[in-house]
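Please open the structure in your viewer and keep the selection tool at hand.

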Amino acid sequence: MRILAVDPGSKRIGLAISDPTGTIANPLAVIQHVARLVDAAAVAELADSHAAGLIVVGQSLQDDGSPSFEGRRSLRFSEALKTQTNIPVILWEESFTTQDARQARLRMGVSRKNRSGHLDDLAATVLLQSYLDSNPRS
């Protein structure tokens, strides 16, 4: 089963998709934020066109486990997404995915010039790989 991951942001939404076995995460796309329902419809369409069986939405949490400001935004987005698709939607803790994506670019030896720009799809990939590693398929 393919799994689609969503890293929602205030300007852009990063997307990643798993391989058919649900083992490896790959960057998929970055979409520009328009409005919650419009964004949810676009994500639902991509999930459907890639035959995703699950959508994982990143949610940042505070140290006490409660959703941060962005985490509450992710919760509202996931609720809107549920109205746009029959594919199950779950929340997954995403704190530090952007920092992890930045570090991954450094480890890959990407030049400073090529490291500039958004990391949204890579952050979604980090998020999805975290989910896949924590929920191995048998």
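This is a predicted model. Begin by selecting the two helices α1 and α2, whose axes come within 9 Å and cross at roughly 60°. Because angles under 35 degrees count as roughly parallel and 65 to 115 as roughly perpendicular, α1 is oblique to α2. The crossing of α1 with α2 is right-handed.

Next, display the side chains where these helices touch. On α1, select R36, L37, D39, A40, V43 and A44; on α2, select R76, F77, A80 and L81. Of the residues in this contact, seven are nonpolar, three are charged and none is polar.

Now turn to the sheet. In which order do its strands lie? The order is β3-β2-β1-β4-β5, in an open sheet of five strands with mixed pairing. Select β3 (25–32) and β5 (89–93): these strands stand at the edges, and each has a single partner strand, so one side of each lacks a neighbour in the sheet. On average, neighbouring strands of this sheet are turned by 25° against each other, direction ignored.

Then select residues 2–8, which form β1, and residues 12–18, which form β2; the two strands pair in the antiparallel sense over five bridges. Within this region, D7 stands opposite G14 in β2.

Finally, view the helices together with the sheet. Helix α1 (residues 36–49) lies across β1, β2, β3 and β4 (52–59), and runs at about 145° to β3. Helix α2 (residues 69–82) lies across β1, β2, β4 and β5, and runs at about 155° to β4.

Note on methods. Residues numbered from 1 in each chain as written. Predicted model: local features only at pLDDT ≥ 70, side-chain atom pairs only at ≥ 80, totals over all residues. Heavy atoms only, no water. Pairing = 2+ DSSP bridges. Helix = DSSP H or I, 4+ residues; strand = E, 2+ residues; numbered from the N terminus. Axes fitted to C-alpha atoms, helices over the stretch in contact; angles between N-to-C directions. Contact = heavy atoms within 4.5 Å. Parallel < 35°, antiparallel > 145°, perpendicular 65-115°, else oblique. Left-handed = near helix turned anticlockwise from the far one by under 90°. Nonpolar A, V, L, I, M, F, W, Y, C, P; charged D, E, K, R; others polar.
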